[in-house]
Amino acid sequence: MSFDRIADRYDATRGGEERGRLVAEAVAAHLPGRRLLEIGVGTGLISHAFAARGRSVVGVDLSARMLAQARGRLPGRIVRADAAALPLRTATVDACLAVHVLHLVGDPDRVLAEVARVLRPGGRLAVVGAGQHERHSDVTAVLRDLDEALRAERPRRDRPELLLPAAQRSGLRLVEEFSFAREERETLTPAEARAQIESRVWSTLWDLSDRQWATIVEPAVAALRRLPDPDRPRPGGRSFHAMILRLADGGGRTAEGGSGAERARGQ
């Protein structure tokens with residue numbers, strides 16, 4: 001899925017460089033080594049924060065417009081590519097980062113096999129996604145119900161019960177799991193939440209059918225419209241959920257017994 005449609009608004013709606021620093025601060029200690037690959041690098045917010053910590057970073061993304069934004073933050077370190085066919089040699093990166101991306105890819109198994117191929121033995125992959133709403137309000141209650149309804153209709157591909165077995169098939173094993181808070185001062189008004197939904201800021205809203213929009217999204221918009229004090233900020237924000245996976249010392253293994261590199265070369 002390409003994020004071209006949101007490139008000009010991405011930083012403003014995703015927390016900007018402060019979000020990148022927060023993720024790097026929470027995850028960096030769990031990703032040893034110097035050379036880091038970020039799949040779905042987007043506008044480079046997070047990789048830029050890792051580069052500022054002395055990491056040698058390379059980022060890949062499908063969206064040309066997102067990469068145009070990233071170019072200023074990561075000159076010479078980004079490439080337009082599919083995460084299912086990484087333009088890197090086998091066993092050449094120490095760690096890999098995937099933030100809010102694996103639920104968007106068409107074939108998570110292929111992406112994980114490619115990650116296992118380019119990781120050095122013992123290398124680590126950090127998978128970071130949305131956690132729970134940490135601070136509760138009438139706005140977050142509506143957004144939580146909307147999330148749950150959308151997930152029931154369209155289950156995410158990065159659910160641990162699906163992702164972890166796929167990772168294991170490529171020799172990646174879960175070694176750590178933790179949550180960390182987003183920016184503590186984050187707030188959201190009912191009017192802002194409604195505007196975000198109606199303008200389809202979030203990728204979960206992009207490909208809904210007319211029926212799904214009418215039966216799932218419009219009731220949430222109506223619920224936000226009914227809330228009192230539409231311009232009064234409420235506590236907002238969600239935690240991040242992180243899974244750290246480690247590649248076996250002998251490299252990746254597929255379900256068929258071959259290495260991740262062998263499978264990638266055979267396609």
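Which residues does D61 touch, not counting residues up to four places away in sequence? D61 touches G40, V41, G42, L67, V79, R80 and A81. Contact here means heavy atoms within 4.5 Å.

This is a predicted model: local features need pLDDT of at least 70, side-chain atom pairs count only at pLDDT 80 or more, and totals for chains, interfaces and linings use all residues. Residues are numbered from 1 along each chain as its sequence is written, and side-chain values use heavy atoms, with hydrogens and water left out.

1. **D61 and its charge.** D61 lies in strand β2, residues 56-61. Strands (E, at least two residues) and helices (H or I, at least four) are DSSP runs, numbered from the N terminus. D61 is buried yet has no salt bridge. Buried means under 20% relative accessible area, exposed over 50%, and partly exposed in between (1.4 Å probe, protein chains only). A salt bridge is a side-chain nitrogen of Lys or Arg within 4 Å of a carboxyl oxygen of Asp or Glu. For D61, the nearest side chain of opposite charge is R80, 7.4 Å away. In this count Lys and Arg are positive, Asp and Glu are negative, and His and the chain ends are not counted.

2. **What the D61 side chain reaches instead.** The backbone nitrogen of S63 is reached at 2.9 Å. For polar contacts, the rule is a pair of N or O atoms within 3.5 Å; within protein, one must be able to donate a hydrogen and the other to accept it, and residues adjacent in sequence count only if both atoms are side-chain atoms.

3. **Strand β2 in its setting.** β2 is mostly covered, with five of its six residues buried. β1 and β2 pair in the parallel sense over five bridges. Pairing requires that DSSP finds at least two bridges between two strands. L37 stands opposite V58 in β2.

4. **The largest nonpolar core.** This core has 31 residues. L37, I39, L102, L125 and L172 have the most contacts inside it. A nonpolar core is a set of buried Ala, Val, Leu, Ile, Met, Phe, Trp, Tyr and Cys residues joined through side-chain atoms within 4.5 Å. At least two residues each come from β1 (35-39), β2, β4 (93-99), α5 (108-118), β5 (119-133), α7 (160-169) and β9 (238-247). α5 gives the most, with five residues. Apart from this core lies another, of 22 residues, among them A24, F50, A95 and A126. In soluble globular proteins, nonpolar side chains tend to be buried together.

5. **I39 and α5.** Leaving aside neighbours within four places in sequence, I39 is in contact with V60, A83, L86, C96, L97, A98, V101, L102, V111 and V115. Helix α5 is mostly covered: nine of its 11 residues are buried. The buried set is P108, V111, L112, A113, E114, V115, A116, R117 and V118.

6. **Salt bridges.** The whole structure holds 10 salt bridges. One of them joins the side chains of R120 and D94 (2.5 Å, N to O). That pair links distant parts of the chain, with R120 in strand β5 and D94 in strand β4, 26 residues apart. R120 is partly exposed, at a relative accessible area of 33%. E176 and R124 also meet through their side chains (2.8 Å, N to O). Here E176 sits in strand β6 (residues 172-180) and R124 in strand β5, 52 residues apart. E176 counts as partly exposed because its relative accessibility is 26%. R232 and D229 form a salt bridge too (3.5 Å, N to O). R232 is partly exposed at 41%, and D229 at 45%.

7. **G129.** G129 lies in strand β5. Its relative accessibility is 11%, so G129 counts as buried. G129 and V101 are 28 residues apart in sequence and 7.9 Å apart in space, C-alpha to C-alpha. Neighbours within four places aside, G129 is in contact with H100, S239, F240 and H241.

8. **S47.** S47 is found in helix α3, residues 45-52. At 0% relative accessibility, S47 counts as buried. Its side chain makes a polar contact with the side chain of E38 at 2.5 Å. Beyond four places in sequence, S47 is in contact with E38, V41, V57 and L74.
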